[in-house]
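Dear colleague,

Please find the structure below, with its sequence. My notes on what was found in it follow directly after.

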Amino acid sequence: MACVTRRRHVAIVLLCAGCGVSDRSEEAGPGHADSAGVEIVRNTDAPLPRGELVQPASRVVGSETEGPELFGGGVGARLHPNGSLWISEAQTREIRVFDSGSGAHLFTIGGRGDGPGEFRRSVFLGFDGEGSAYVYDHEHRRVSVFSESGELQRSHLMPPVFGISPRPRHVTPAGTLLGHISGGLERMPVDGSTVRDTVRIWTMPLDGTAPVLVMETLGALWYFHDGTPVSVPFAGGPRLGFRDDRVYMVDNTGEASYSVYGPAGLERRVEIDRAPLQVDGTSRAMFLERIRRGGFPASQQRIYEEHLSDMPIPDAQRHWDAVVVTDEGGAWLLRPGDPEPAMAGVPADDQVWDVFDAEGRLVGHVRLPANVGPVQVSEQTALTVVRDELGRVTVAIHEVRWMG
């Protein structure tokens, strides 16, 4: 195993009770800074160009045959700066690496186990600026670092913070990790009570130096009954995306906006002049139907069916359900639910993603089939995970084509 002498740090997001957001300016205009120095970018909701994925894909990895191209579990994917395609497979706990041009399998790292470079419950975090790959194992609380050719370089045991094990989500070019910890409760709330989380982002060095709080914002709202917590509909926590040492956060307070946080805190707030997405009786009925179809435990279904009217459901829901940060620093944001009310002529089973550039300007939208999930995008290409009607998984690289 290669030795590394330079110091690495870890940033951790904590979910606890409390709240706090930065004030924003009332003045309009892209690029205007408020009194705290936060850049405010405002967009109109005028018609914009539409993007689509060019078919067929330039490269598809995945098949029905035995071998490294067969994926049997949850799949994540990322293109390495050297052009190779890294695909994590949840069933075997492996990361399989392919040539993105020819599709040839190059090597496999990891696998289910307890030894060095093996995993029990892992998540692929991405690459640092040197091209090393980071994988976190939740059960071992261990970060394993591999070279771009697949050799295990080193491992780090993540120390418990406040008695809770950290869960990294992303690695920066400097080797800093961004992640989260679910906050615990000192005592179980009584039936019918609610508890609001707060999302807190900290930087925490591995050398034991005290963590430093970077930002905090409102998290999910939880309703308790019979000792079971369920999330209050339309009051979930913010959606997060990552690029380098930045965190992109979709605001969850009913406003069409997202925020960008850097090491020093809030840097930019991006807004659209778009009407709130009201929560009405139809929204509640559709939510219950999704719960019944979504494989939720019977105990949770019963709580929603019997106590939905008791929950403090907000008047408006957040405007986006997911965020993918582009390689250039822009963002793709997924519109929630049935897109037809927001965009006439779009089939109900399609997704609509609003697309912003690196400056926060709304530049268009992309329509995707419901079974296609973008995981890494740029102005020219989109890496996607596709699941067909039989549950088979493929990973595809598409060109993005803009029209109109």
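Strand E6 (75-79) is joined by five bridges to strand E7 (residues 84-89), and the two run antiparallel. Within this pair, Val 75 has Glu 89 of E7 as its bridge partner. Strands here are DSSP runs of at least two residues (E), helices are DSSP runs of at least four (H or I), and both are numbered from the N terminus. Two strands are taken to pair if DSSP finds at least two bridges between them.

The model is predicted, so local features need pLDDT of at least 70 and side-chain atom pairs count only at pLDDT 80 or more, whereas totals for chains, interfaces and linings use all residues. Residues are numbered from 1 along each chain as its sequence is written, and side-chain values use heavy atoms, with hydrogens and water left out.

E6 and E7 belong to an open sheet of four strands in the order E6-E7-E8-E9, with antiparallel pairing. Its edge strands are E6 and strand E9 (105-110), each of which pairs on one side only. From one strand to the next the twist averages 20°. Strand E8 (residues 94-99) is joined to E9 by five bridges, again in the antiparallel sense, and Ile 95 stands opposite Ile 109 in E9. The hairpin of E8 and E9 has five residues between the strands, and in it Gly 103 takes a positive phi near 85°.

A further open sheet has six strands in the order E2-E3-E22-E21-E20-E19, and its pairing is mixed. Strand E2 (32-33) and E19 are the edge strands, each pairing on one side only. E19 pairs with strand E20 (residues 246-250) over five bridges in the antiparallel sense; the bridge partner of Arg 239 in E20 is Val 250.

The structure holds 11 aromatic pairs, where rings of Phe, Tyr and Trp (its six-membered ring) pair if their centres lie within 6.5 Å; planes under 30 degrees apart count as stacked, over 60 as edge-to-face and the rest as tilted. In one of these pairs, the rings of Tyr 258 and Phe 356 have centres 5.2 Å apart and planes at 75°, so the pair is edge-to-face.

Turning to the helices, the axes of H1 (residues 281-293) and H2 (residues 298-307) come within 10 Å and cross at roughly 165°. Axes are lines fitted to C-alpha atoms, for helices over the stretch in contact, with angles from 0 to 180 degrees between N-to-C directions. Phe 287, Leu 288, Ile 291 and Arg 292 of H1 make the contact with Gln 301, Tyr 304 and Glu 305 of H2, contact meaning heavy atoms within 4.5 Å.

Two loops also deserve a mention. The peptide bond from Gln 55 to Pro 56 is cis, with omega near -5°, and Pro 56 is placed in the loop between strand E4 (50-53) and strand E5 (59-61). Phe 234 has a positive phi of about 65° although it is not a glycine; its place is in the loop between strand E18 (228-231) and strand E19 (239-243).

With kind regards
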